[in-house]
Amino acid sequence: MTDGPDLVVAGAGGGLAGALRAAELGLSVLVVEASEHFRRGNNTSMSTAMFPGAGSRWQRDEGVDDSPERFVADIMAKTRGQADPRLARTLAEVSAPLVEWLADSAGLPLSLVTDFNYPGHSVLRCHTIPGRHGSGVVDHLARRVAEHENIELLAPARLIDVLSEEDTVDGVRAAVVRYPDGTEEEIPTRAVLLATNGFGADADLVAKHLPEISQALYQGSDQSLGDALRIGEKLGAATGFLDAYQGHGAVSASAGTLVGWATIIHGAFLVDLEGRRFGNETRGYSEYAAELAARPGSTGWIVLDETIFEQCQPFQDFRDVVSAGALVWADDAAGLAAATGLPAAALEAELATTQAIARGSQADEHGRTHWERALSGRLAAVRVVPALFHTQGGLLVDEHAAVVDHDDRPIPGLYAAGGAAASISGHGAAGYLPGNGLLPAFGLAYLAAGDVARRLNSNTAS
Ligand SMILES: Cc1cc2nc3c(=O)[nH]c(=O)nc-3n(C[C@H](O)[C@H](O)[C@H](O)COP(=O)(O)OP(=O)(O)OC[C@H]3O[C@@H](n4cnc5c(N)ncnc54)[C@H](O)[C@@H]3O)c2cc1C
(Lines give C-alpha, C1' and ligand atoms only; values in the text may rest on other atoms or scores of the structure.)
Protein backbone atom coordinates (compact mmCIF):
# COMPACT_ATOMS: atom_id res chain seq x y z
CA MET A 1 0.00 0.00 0.00
CA THR A 2 1.07 3.60 -0.55
CA ASP A 3 -0.10 6.92 0.82
CA GLY A 4 0.45 8.64 -2.49
CA PRO A 5 -1.71 8.82 -5.61
CA ASP A 6 -2.75 5.62 -7.40
CA LEU A 7 -1.14 6.92 -10.59
CA VAL A 8 1.48 9.55 -11.39
CA VAL A 9 1.22 10.86 -14.93
CA ALA A 10 4.38 12.63 -16.12
CA GLY A 11 3.55 15.08 -18.90
CA ALA A 12 0.45 17.16 -19.62
CA GLY A 13 0.03 16.52 -23.35
CA GLY A 14 -1.65 13.23 -24.20
CA GLY A 15 -1.07 12.40 -20.53
CA LEU A 16 -4.05 14.61 -19.66
CA ALA A 17 -6.33 12.06 -21.32
CA GLY A 18 -4.79 9.31 -19.21
CA ALA A 19 -5.34 11.34 -16.06
CA LEU A 20 -8.99 12.00 -16.88
CA ARG A 21 -9.64 8.38 -17.82
CA ALA A 22 -7.97 7.10 -14.62
CA ALA A 23 -9.98 9.51 -12.47
CA GLU A 24 -13.15 8.42 -14.24
CA LEU A 25 -12.27 4.85 -13.26
CA GLY A 26 -12.00 5.91 -9.62
CA LEU A 27 -8.24 6.40 -9.25
CA SER A 28 -6.47 9.27 -7.58
CA VAL A 29 -4.02 10.90 -9.99
CA LEU A 30 -1.11 13.29 -9.77
CA VAL A 31 0.03 14.93 -13.02
CA VAL A 32 3.57 16.30 -12.92
CA GLU A 33 4.46 18.66 -15.75
CA ALA A 34 7.95 20.02 -16.39
CA SER A 35 6.90 23.30 -18.01
CA GLU A 36 4.53 25.95 -16.75
CA HIS A 37 4.06 26.89 -20.44
CA PHE A 38 2.83 23.45 -21.49
CA ARG A 39 -0.52 24.81 -22.76
CA ARG A 40 1.30 26.47 -25.66
CA GLY A 41 4.67 24.72 -25.58
CA ASN A 42 4.03 21.00 -25.81
CA ASN A 43 3.60 19.00 -29.00
CA THR A 44 -0.07 18.35 -28.43
CA SER A 45 -0.72 22.09 -28.18
CA MET A 46 1.21 22.72 -31.43
CA SER A 47 -0.55 19.99 -33.37
CA THR A 48 -3.24 20.27 -36.00
CA ALA A 49 -5.48 18.27 -33.64
CA MET A 50 -6.21 15.44 -36.07
CA PHE A 51 -7.32 12.24 -34.32
CA PRO A 52 -7.87 9.13 -36.45
CA GLY A 53 -10.84 7.00 -35.38
CA ALA A 54 -11.58 3.89 -37.43
CA GLY A 55 -15.28 3.03 -37.23
CA SER A 56 -16.47 6.11 -35.33
CA ARG A 57 -20.09 7.19 -35.18
CA TRP A 58 -19.25 10.33 -37.19
CA GLN A 59 -17.93 8.11 -39.98
CA ARG A 60 -21.10 6.03 -39.88
CA ASP A 61 -23.19 9.22 -40.11
CA GLU A 62 -21.26 10.18 -43.26
CA GLY A 63 -21.57 6.68 -44.71
CA VAL A 64 -17.82 6.04 -44.42
CA ASP A 65 -17.09 2.32 -44.36
CA ASP A 66 -14.16 1.89 -41.98
CA SER A 67 -12.89 -0.61 -39.43
CA PRO A 68 -9.80 -1.30 -37.33
CA GLU A 69 -8.79 -3.92 -39.93
CA ARG A 70 -8.85 -1.32 -42.68
CA PHE A 71 -6.84 1.11 -40.55
CA VAL A 72 -4.23 -1.59 -39.78
CA ALA A 73 -3.97 -2.29 -43.52
CA ASP A 74 -3.33 1.43 -44.16
CA ILE A 75 -0.69 1.55 -41.39
CA MET A 76 1.05 -1.51 -42.79
CA ALA A 77 0.93 -0.11 -46.34
CA LYS A 78 2.38 3.25 -45.26
CA THR A 79 5.16 1.63 -43.19
CA ARG A 80 5.81 -1.07 -45.80
CA GLY A 81 5.03 -3.69 -43.16
CA GLN A 82 7.47 -2.29 -40.59
CA ALA A 83 5.00 -1.19 -37.89
CA ASP A 84 4.79 -3.32 -34.75
CA PRO A 85 1.66 -5.39 -35.58
CA ARG A 86 0.54 -5.75 -31.95
CA LEU A 87 0.63 -2.02 -31.36
CA ALA A 88 -0.89 -1.18 -34.75
CA ARG A 89 -3.83 -3.48 -34.00
CA THR A 90 -4.17 -2.13 -30.43
CA LEU A 91 -4.24 1.49 -31.56
CA ALA A 92 -6.52 0.87 -34.52
CA GLU A 93 -8.98 -0.87 -32.21
CA VAL A 94 -8.93 1.85 -29.58
CA SER A 95 -9.06 4.71 -32.09
CA ALA A 96 -12.87 4.95 -32.46
CA PRO A 97 -13.69 4.33 -28.77
CA LEU A 98 -11.05 6.97 -27.98
CA VAL A 99 -12.51 9.75 -30.15
CA GLU A 100 -16.00 8.96 -28.86
CA TRP A 101 -14.74 9.04 -25.26
CA LEU A 102 -12.90 12.31 -25.89
CA ALA A 103 -16.17 13.80 -27.12
CA ASP A 104 -18.64 12.21 -24.69
CA SER A 105 -16.68 12.05 -21.47
CA ALA A 106 -13.96 14.66 -21.88
CA GLY A 107 -16.29 17.03 -23.76
CA LEU A 108 -14.05 17.80 -26.78
CA PRO A 109 -16.18 19.14 -29.67
CA LEU A 110 -14.90 16.63 -32.23
CA SER A 111 -16.23 15.96 -35.70
CA LEU A 112 -15.05 14.14 -38.81
CA VAL A 113 -12.95 16.10 -41.31
CA THR A 114 -14.81 15.78 -44.61
CA ASP A 115 -13.37 18.59 -46.74
CA PHE A 116 -10.19 16.69 -47.63
CA ASN A 117 -8.35 13.48 -46.86
CA TYR A 118 -4.75 13.02 -45.78
CA PRO A 119 -2.32 10.88 -47.79
CA GLY A 120 -2.27 7.25 -46.68
CA HIS A 121 -5.76 7.09 -45.14
CA SER A 122 -7.92 5.08 -47.54
CA VAL A 123 -11.08 6.68 -46.13
CA LEU A 124 -12.02 9.87 -44.27
CA ARG A 125 -10.83 9.00 -40.76
CA CYS A 126 -9.46 12.11 -39.03
CA HIS A 127 -11.52 13.91 -36.40
CA THR A 128 -10.78 17.39 -35.16
CA ILE A 129 -12.10 20.38 -33.23
CA PRO A 130 -13.11 23.82 -34.55
CA GLY A 131 -9.96 25.80 -35.38
CA ARG A 132 -8.06 22.56 -36.00
CA HIS A 133 -5.39 23.42 -33.44
CA GLY A 134 -4.01 21.43 -30.55
CA SER A 135 -3.91 24.41 -28.20
CA GLY A 136 -7.71 24.11 -28.02
CA VAL A 137 -7.37 20.45 -27.05
CA VAL A 138 -4.83 21.10 -24.30
CA ASP A 139 -6.71 24.12 -22.92
CA HIS A 140 -9.89 22.11 -22.75
CA LEU A 141 -8.41 19.00 -21.13
CA ALA A 142 -6.27 21.03 -18.69
CA ARG A 143 -9.46 22.81 -17.57
CA ARG A 144 -11.19 19.46 -17.05
CA VAL A 145 -8.20 18.19 -15.06
CA ALA A 146 -8.17 21.31 -12.88
CA GLU A 147 -11.87 20.86 -12.14
CA HIS A 148 -11.57 17.18 -11.19
CA GLU A 149 -11.38 16.54 -7.47
CA ASN A 150 -9.35 13.33 -7.88
CA ILE A 151 -6.63 14.90 -10.03
CA GLU A 152 -3.89 17.23 -8.91
CA LEU A 153 -1.58 18.94 -11.40
CA LEU A 154 1.91 20.05 -10.33
CA ALA A 155 3.68 22.40 -12.74
CA PRO A 156 6.51 23.06 -13.07
CA ALA A 157 7.75 19.76 -11.67
CA ARG A 158 9.96 17.35 -13.63
CA LEU A 159 9.88 13.61 -13.20
CA ILE A 160 13.51 12.58 -12.90
CA ASP A 161 13.27 8.98 -11.74
CA VAL A 162 10.95 6.06 -11.04
CA LEU A 163 11.82 3.75 -8.16
CA SER A 164 10.79 0.13 -8.18
CA GLU A 165 10.66 -2.76 -5.75
CA GLU A 166 12.97 -5.26 -7.26
CA ASP A 167 11.89 -8.90 -7.20
CA THR A 168 8.28 -8.17 -6.32
CA VAL A 169 5.20 -8.18 -8.49
CA ASP A 170 4.44 -4.67 -7.28
CA GLY A 171 7.18 -3.12 -9.36
CA VAL A 172 6.93 0.66 -9.23
CA ARG A 173 6.96 2.13 -5.71
CA ALA A 174 7.67 5.85 -6.18
CA ALA A 175 8.10 8.72 -8.60
CA VAL A 176 10.90 11.20 -7.98
CA VAL A 177 10.18 14.78 -8.96
CA ARG A 178 12.50 17.80 -9.12
CA TYR A 179 11.23 21.37 -8.66
CA PRO A 180 12.78 24.46 -10.27
CA ASP A 181 14.59 25.38 -7.03
CA GLY A 182 16.45 22.06 -7.23
CA THR A 183 14.63 20.33 -4.39
CA GLU A 184 13.50 16.78 -5.01
CA GLU A 185 10.53 14.84 -3.70
CA GLU A 186 9.87 11.11 -3.62
CA ILE A 187 6.16 10.51 -4.20
CA PRO A 188 4.92 7.02 -3.29
CA THR A 189 2.79 5.44 -5.99
CA ARG A 190 2.21 2.06 -7.58
CA ALA A 191 2.02 3.24 -11.18
CA VAL A 192 3.71 5.83 -13.38
CA LEU A 193 2.68 6.81 -16.89
CA LEU A 194 5.57 8.29 -18.85
CA ALA A 195 3.90 10.79 -21.17
CA THR A 196 6.95 13.04 -21.47
CA ASN A 197 7.29 12.78 -25.28
CA GLY A 198 10.46 11.81 -27.14
CA PHE A 199 13.95 13.25 -27.64
CA GLY A 200 13.50 15.83 -30.43
CA ALA A 201 14.92 18.64 -28.27
CA ASP A 202 18.10 16.73 -27.46
CA ALA A 203 20.42 17.60 -30.35
CA ASP A 204 22.89 14.82 -29.54
CA LEU A 205 20.23 12.11 -29.55
CA VAL A 206 18.74 13.51 -32.78
CA ALA A 207 22.18 13.56 -34.45
CA LYS A 208 22.76 9.98 -33.30
CA HIS A 209 19.43 8.47 -34.33
CA LEU A 210 18.06 10.83 -37.01
CA PRO A 211 21.08 12.23 -38.88
CA GLU A 212 19.09 12.93 -42.08
CA ILE A 213 16.98 15.58 -40.33
CA SER A 214 19.40 16.77 -37.65
CA GLN A 215 20.21 20.04 -39.47
CA ALA A 216 16.54 20.97 -40.00
CA LEU A 217 14.42 23.26 -37.87
CA TYR A 218 13.06 21.53 -34.77
CA GLN A 219 9.43 22.56 -34.39
CA GLY A 220 8.37 20.54 -31.32
CA SER A 221 8.42 20.98 -27.54
CA ASP A 222 11.64 22.17 -25.91
CA GLN A 223 10.92 19.72 -23.09
CA SER A 224 11.23 16.63 -25.28
CA LEU A 225 14.61 15.76 -23.81
CA GLY A 226 14.45 11.97 -23.80
CA ASP A 227 13.61 11.64 -20.08
CA ALA A 228 11.37 8.60 -20.63
CA LEU A 229 14.15 6.78 -22.47
CA ARG A 230 16.60 7.38 -19.62
CA ILE A 231 14.12 6.43 -16.89
CA GLY A 232 12.77 3.40 -18.73
CA GLU A 233 16.15 2.02 -19.77
CA LYS A 234 17.36 2.24 -16.17
CA LEU A 235 14.46 -0.02 -15.18
CA GLY A 236 15.33 -2.54 -17.90
CA ALA A 237 12.90 -1.39 -20.60
CA ALA A 238 13.35 -2.43 -24.22
CA THR A 239 13.44 0.35 -26.83
CA GLY A 240 12.77 0.39 -30.55
CA PHE A 241 12.28 2.38 -33.77
CA LEU A 242 14.65 5.11 -32.53
CA ASP A 243 15.26 6.17 -36.13
CA ALA A 244 11.56 6.99 -36.66
CA TYR A 245 10.26 10.53 -36.75
CA GLN A 246 7.53 12.81 -38.03
CA GLY A 247 8.94 15.45 -40.29
CA HIS A 248 7.11 18.14 -42.20
CA GLY A 249 7.82 19.75 -45.54
CA ALA A 250 5.61 22.79 -45.12
CA VAL A 251 6.66 25.10 -42.31
CA SER A 252 6.60 28.75 -43.36
CA ALA A 253 10.16 30.07 -43.53
CA SER A 254 9.20 33.57 -42.45
CA ALA A 255 6.31 32.89 -40.06
CA GLY A 256 7.76 29.72 -38.46
CA THR A 257 4.23 28.31 -38.50
CA LEU A 258 2.74 25.35 -40.28
CA VAL A 259 1.42 26.19 -43.76
CA GLY A 260 -0.15 22.73 -43.83
CA TRP A 261 -0.41 19.91 -46.35
CA ALA A 262 -4.06 20.69 -46.98
CA THR A 263 -2.67 23.17 -49.54
CA ILE A 264 -1.13 20.27 -51.44
CA ILE A 265 -4.15 18.00 -51.08
CA HIS A 266 -6.33 20.74 -52.55
CA GLY A 267 -4.04 20.96 -55.60
CA ALA A 268 -0.99 23.07 -54.73
CA PHE A 269 2.50 21.98 -55.72
CA LEU A 270 5.97 22.41 -54.27
CA VAL A 271 9.01 23.65 -56.18
CA ASP A 272 12.65 24.07 -55.20
CA LEU A 273 14.71 27.23 -55.75
CA GLU A 274 15.16 26.25 -59.38
CA GLY A 275 11.40 26.50 -59.80
CA ARG A 276 11.05 22.75 -60.36
CA ARG A 277 8.92 20.12 -58.65
CA PHE A 278 11.01 17.26 -57.31
CA GLY A 279 8.58 14.48 -56.37
CA ASN A 280 5.06 13.29 -55.74
CA GLU A 281 3.95 15.63 -52.97
CA THR A 282 0.91 13.53 -52.08
CA ARG A 283 3.01 10.62 -50.80
CA GLY A 284 3.15 12.38 -47.44
CA TYR A 285 4.42 15.48 -45.69
CA SER A 286 6.62 13.62 -43.23
CA GLU A 287 9.00 12.15 -45.80
CA TYR A 288 9.01 15.48 -47.66
CA ALA A 289 11.01 17.06 -44.83
CA ALA A 290 14.17 15.15 -45.68
CA GLU A 291 13.49 15.49 -49.42
CA LEU A 292 13.15 19.26 -49.10
CA ALA A 293 16.23 19.37 -46.85
CA ALA A 294 18.22 17.77 -49.66
CA ARG A 295 17.27 20.47 -52.24
CA PRO A 296 19.48 23.51 -52.93
CA GLY A 297 19.28 25.87 -49.95
CA SER A 298 17.07 23.35 -48.08
CA THR A 299 14.00 25.37 -48.98
CA GLY A 300 11.22 25.61 -51.55
CA TRP A 301 7.93 27.34 -52.41
CA ILE A 302 4.38 26.01 -52.27
CA VAL A 303 2.35 27.44 -55.15
CA LEU A 304 -1.42 27.76 -54.69
CA ASP A 305 -4.35 29.81 -55.92
CA GLU A 306 -7.27 31.75 -54.43
CA THR A 307 -9.54 28.70 -54.24
CA ILE A 308 -6.98 26.78 -52.16
CA PHE A 309 -6.42 29.89 -50.06
CA GLU A 310 -10.13 29.84 -49.17
CA GLN A 311 -10.18 26.05 -48.64
CA CYS A 312 -7.42 26.30 -46.02
CA GLN A 313 -9.17 28.93 -43.90
CA PRO A 314 -10.47 26.35 -41.37
CA PHE A 315 -6.87 25.90 -40.18
CA GLN A 316 -5.76 28.34 -37.49
CA ASP A 317 -2.13 27.70 -38.45
CA PHE A 318 -2.78 28.64 -42.07
CA ARG A 319 -4.56 31.82 -41.00
CA ASP A 320 -1.56 32.66 -38.79
CA VAL A 321 0.79 32.20 -41.75
CA VAL A 322 -1.39 34.57 -43.78
CA SER A 323 -1.56 37.14 -40.96
CA ALA A 324 2.23 37.03 -40.69
CA GLY A 325 2.39 38.21 -44.33
CA ALA A 326 4.17 35.07 -45.54
CA LEU A 327 2.14 34.69 -48.75
CA VAL A 328 3.09 36.57 -51.89
CA TRP A 329 0.48 37.08 -54.62
CA ALA A 330 0.62 37.68 -58.36
CA ASP A 331 -1.70 37.59 -61.35
CA ASP A 332 0.27 34.91 -63.19
CA ALA A 333 3.37 32.70 -63.05
CA ALA A 334 5.64 35.42 -64.44
CA GLY A 335 4.48 37.82 -61.72
CA LEU A 336 4.93 35.14 -59.07
CA ALA A 337 8.44 34.44 -60.32
CA ALA A 338 9.25 38.13 -60.00
CA ALA A 339 7.80 38.25 -56.47
CA THR A 340 9.59 35.13 -55.26
CA GLY A 341 12.86 35.31 -57.17
CA LEU A 342 12.17 31.91 -58.76
CA PRO A 343 13.25 31.42 -62.41
CA ALA A 344 10.26 32.52 -64.51
CA ALA A 345 10.63 30.00 -67.35
CA ALA A 346 10.79 27.03 -64.97
CA LEU A 347 7.84 28.22 -62.88
CA GLU A 348 5.69 28.92 -65.94
CA ALA A 349 6.53 25.47 -67.30
CA GLU A 350 5.70 23.71 -64.01
CA LEU A 351 2.39 25.56 -63.73
CA ALA A 352 1.42 24.62 -67.27
CA THR A 353 2.48 21.01 -66.73
CA THR A 354 0.55 20.62 -63.47
CA GLN A 355 -2.53 22.17 -65.09
CA ALA A 356 -2.31 19.65 -67.93
CA ILE A 357 -1.85 16.76 -65.50
CA ALA A 358 -4.76 17.91 -63.34
CA ARG A 359 -6.98 18.11 -66.43
CA GLY A 360 -5.95 14.57 -67.35
CA SER A 361 -4.20 15.39 -70.58
CA GLN A 362 -0.80 14.13 -69.46
CA ALA A 363 0.73 11.87 -66.79
CA ASP A 364 2.92 13.19 -63.99
CA GLU A 365 6.56 12.21 -64.35
CA HIS A 366 6.72 12.06 -60.52
CA GLY A 367 3.72 9.73 -60.29
CA ARG A 368 1.30 12.08 -58.53
CA THR A 369 -2.25 11.06 -59.42
CA HIS A 370 -4.26 13.10 -56.91
CA TRP A 371 -5.01 16.53 -58.33
CA GLU A 372 -8.18 18.06 -56.97
CA ARG A 373 -8.20 20.63 -59.78
CA ALA A 374 -5.92 22.69 -61.97
CA LEU A 375 -4.70 25.96 -60.43
CA SER A 376 -6.38 28.99 -61.95
CA GLY A 377 -6.74 32.73 -61.49
CA ARG A 378 -4.48 34.68 -59.13
CA LEU A 379 -1.60 32.73 -57.71
CA ALA A 380 0.14 32.79 -54.34
CA ALA A 381 3.36 31.28 -53.05
CA VAL A 382 4.77 30.71 -49.60
CA ARG A 383 8.37 29.78 -48.86
CA VAL A 384 8.73 26.65 -46.78
CA VAL A 385 11.50 24.92 -44.87
CA PRO A 386 11.72 21.33 -43.62
CA ALA A 387 11.20 20.58 -39.95
CA LEU A 388 11.46 17.80 -37.42
CA PHE A 389 8.19 17.71 -35.47
CA HIS A 390 8.70 14.85 -33.09
CA THR A 391 10.47 11.55 -32.68
CA GLN A 392 8.53 8.31 -33.07
CA GLY A 393 10.84 5.80 -31.39
CA GLY A 394 11.01 5.03 -27.69
CA LEU A 395 10.10 2.50 -25.02
CA LEU A 396 8.42 -0.66 -26.28
CA VAL A 397 4.93 -1.17 -24.86
CA ASP A 398 2.37 -3.98 -24.98
CA GLU A 399 -1.36 -3.82 -25.74
CA HIS A 400 -2.02 -2.27 -22.30
CA ALA A 401 0.59 0.47 -22.78
CA ALA A 402 2.76 -1.31 -20.21
CA VAL A 403 6.48 -0.84 -20.82
CA VAL A 404 8.11 -4.19 -21.57
CA ASP A 405 11.59 -5.52 -20.89
CA HIS A 406 13.89 -7.25 -23.36
CA ASP A 407 11.91 -10.48 -22.96
CA ASP A 408 8.64 -8.68 -23.73
CA ARG A 409 7.49 -8.93 -20.09
CA PRO A 410 5.69 -5.89 -18.67
CA ILE A 411 7.57 -3.93 -16.02
CA PRO A 412 4.85 -3.80 -13.32
CA GLY A 413 3.46 -0.33 -12.84
CA LEU A 414 5.44 1.36 -15.62
CA TYR A 415 3.51 2.67 -18.64
CA ALA A 416 4.39 4.86 -21.62
CA ALA A 417 2.35 6.84 -24.14
CA GLY A 418 2.93 9.19 -27.05
CA GLY A 419 6.47 10.15 -27.94
CA ALA A 420 7.80 8.36 -24.86
CA ALA A 421 6.81 5.05 -26.45
CA ALA A 422 7.82 3.49 -29.73
CA SER A 423 5.04 4.22 -32.19
CA ILE A 424 3.55 2.58 -35.26
CA SER A 425 5.41 4.50 -37.95
CA GLY A 426 8.07 1.92 -38.75
CA HIS A 427 11.54 3.27 -39.46
CA GLY A 428 12.53 6.67 -40.85
CA ALA A 429 9.99 9.36 -41.79
CA ALA A 430 7.96 7.80 -44.57
CA GLY A 431 5.83 5.53 -42.38
CA TYR A 432 4.15 8.38 -40.53
CA LEU A 433 0.42 8.51 -41.18
CA PRO A 434 -1.30 11.79 -40.25
CA GLY A 435 -2.87 11.43 -36.81
CA ASN A 436 -0.47 8.74 -35.69
CA GLY A 437 1.20 11.17 -33.32
CA LEU A 438 -1.89 12.01 -31.28
CA LEU A 439 -3.32 8.48 -31.46
CA PRO A 440 -0.44 6.84 -29.54
CA ALA A 441 -0.32 9.83 -27.18
CA PHE A 442 -3.99 9.72 -26.27
CA GLY A 443 -4.74 6.06 -27.04
CA LEU A 444 -1.91 4.60 -24.98
CA ALA A 445 -2.62 7.00 -22.10
CA TYR A 446 -6.28 5.91 -22.18
CA LEU A 447 -5.32 2.22 -22.22
CA ALA A 448 -2.73 2.66 -19.47
CA ALA A 449 -5.36 4.21 -17.20
CA GLY A 450 -7.63 1.22 -17.76
CA ASP A 451 -4.84 -1.24 -16.98
CA VAL A 452 -3.80 0.55 -13.79
CA ALA A 453 -7.43 0.52 -12.62
CA ARG A 454 -7.70 -3.22 -13.36
CA ARG A 455 -4.44 -3.99 -11.56
CA LEU A 456 -5.26 -1.96 -8.47
CA ASN A 457 -8.80 -3.31 -8.28
CA SER A 458 -7.63 -6.90 -8.59
CA ASN A 459 -5.00 -6.29 -5.88
CA THR A 460 -7.72 -4.84 -3.62
CA ALA A 461 -10.02 -7.80 -4.29
CA SER A 462 -7.35 -10.43 -3.60
C1 LIG B 1 3.43 21.40 -35.37
C2 LIG B 1 2.97 20.00 -35.08
C3 LIG B 1 1.78 19.53 -35.65
C4 LIG B 1 1.34 18.23 -35.39
N5 LIG B 1 0.11 17.82 -35.87
C6 LIG B 1 -0.36 16.59 -35.53
C7 LIG B 1 -1.67 16.15 -35.88
O8 LIG B 1 -2.47 16.86 -36.44
N9 LIG B 1 -2.06 14.88 -35.57
C10 LIG B 1 -1.22 14.05 -34.89
O11 LIG B 1 -1.60 12.91 -34.63
N12 LIG B 1 -0.01 14.46 -34.48
C13 LIG B 1 0.44 15.69 -34.76
N14 LIG B 1 1.67 16.10 -34.32
C15 LIG B 1 2.38 15.21 -33.42
C16 LIG B 1 1.70 15.23 -32.04
O17 LIG B 1 1.57 16.57 -31.65
C18 LIG B 1 2.54 14.47 -31.03
O19 LIG B 1 2.82 13.17 -31.52
C20 LIG B 1 1.77 14.32 -29.72
O21 LIG B 1 1.23 15.55 -29.33
C22 LIG B 1 2.70 13.81 -28.66
O23 LIG B 1 2.05 13.85 -27.42
P24 LIG B 1 2.88 13.62 -26.10
O25 LIG B 1 1.93 13.57 -24.99
O26 LIG B 1 3.81 12.48 -26.31
O27 LIG B 1 3.84 14.88 -26.02
P28 LIG B 1 3.56 16.39 -25.58
O29 LIG B 1 2.25 16.87 -26.04
O30 LIG B 1 4.77 17.16 -25.97
O31 LIG B 1 3.47 16.29 -24.00
C32 LIG B 1 4.61 15.91 -23.23
C33 LIG B 1 4.62 16.77 -21.99
O34 LIG B 1 5.58 16.24 -21.08
C35 LIG B 1 6.28 17.32 -20.46
N36 LIG B 1 7.54 16.75 -19.96
C37 LIG B 1 8.66 16.43 -20.65
N38 LIG B 1 9.54 15.83 -19.82
C39 LIG B 1 8.97 15.77 -18.60
C40 LIG B 1 9.35 15.22 -17.35
N41 LIG B 1 10.53 14.59 -17.16
N42 LIG B 1 8.50 15.34 -16.27
C43 LIG B 1 7.29 15.94 -16.42
N44 LIG B 1 6.86 16.48 -17.60
C45 LIG B 1 7.69 16.36 -18.68
C46 LIG B 1 6.40 18.36 -21.55
O47 LIG B 1 6.60 19.65 -21.03
C48 LIG B 1 5.05 18.21 -22.27
O49 LIG B 1 4.07 19.09 -21.75
C50 LIG B 1 2.12 17.39 -34.57
C51 LIG B 1 3.31 17.86 -33.99
C52 LIG B 1 3.74 19.16 -34.24
C53 LIG B 1 5.02 19.64 -33.58
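A search of the whole structure finds two cavities of 30 Å³ or more, where a cavity is a set of points, on a 1 Å grid over the protein atoms alone, at which a 1.4 Å probe fits but cannot get out. The model is predicted, and totals for linings use all residues. Residues are numbered from 1 along each chain as its sequence is written.

**Exercise 1.** Find how much space lies in the largest cavity, and work out which residues line it.

*Solution.* Begin with the volume, which is the space filled by probe spheres set on the grid points: for the largest cavity this comes to about 40 Å³. Next, take the lining residues, which have an atom within 4 Å of a point; they are N197, G198, F199, G226, D227, A228, L229, G393, G394, G419 and A420. Then look for the main contributor, which is helix α9 (residues 227-234), giving three residues to this lining.

**Exercise 2.** Describe the lining of the second largest cavity, and state which domains it draws on.

*Solution.* The second largest cavity holds about 30 Å³ of space, and its lining consists of K78, P119, R283, G284, Y285, S286, E287, Y432 and P434. Helix α11 (residues 285-293) gives the most to this lining, with three residues. Sorting by class gives four nonpolar, two polar and three charged residues.

Methods: Predicted model: local features only at pLDDT ≥ 70, side-chain atom pairs only at ≥ 80, totals over all residues. Heavy atoms only, no water. 1 Å grid on protein atoms, 1.4 Å probe; cavity = no way out; pocket = protein on both sides within 12 Å on 5 of 7 lines; lining within 4 Å. Helix = DSSP H or I, 4+ residues; strand = E, 2+ residues; numbered from the N terminus. Nonpolar A, V, L, I, M, F, W, Y, C, P; charged D, E, K, R; others polar. Domains from an automatic or database assignment.
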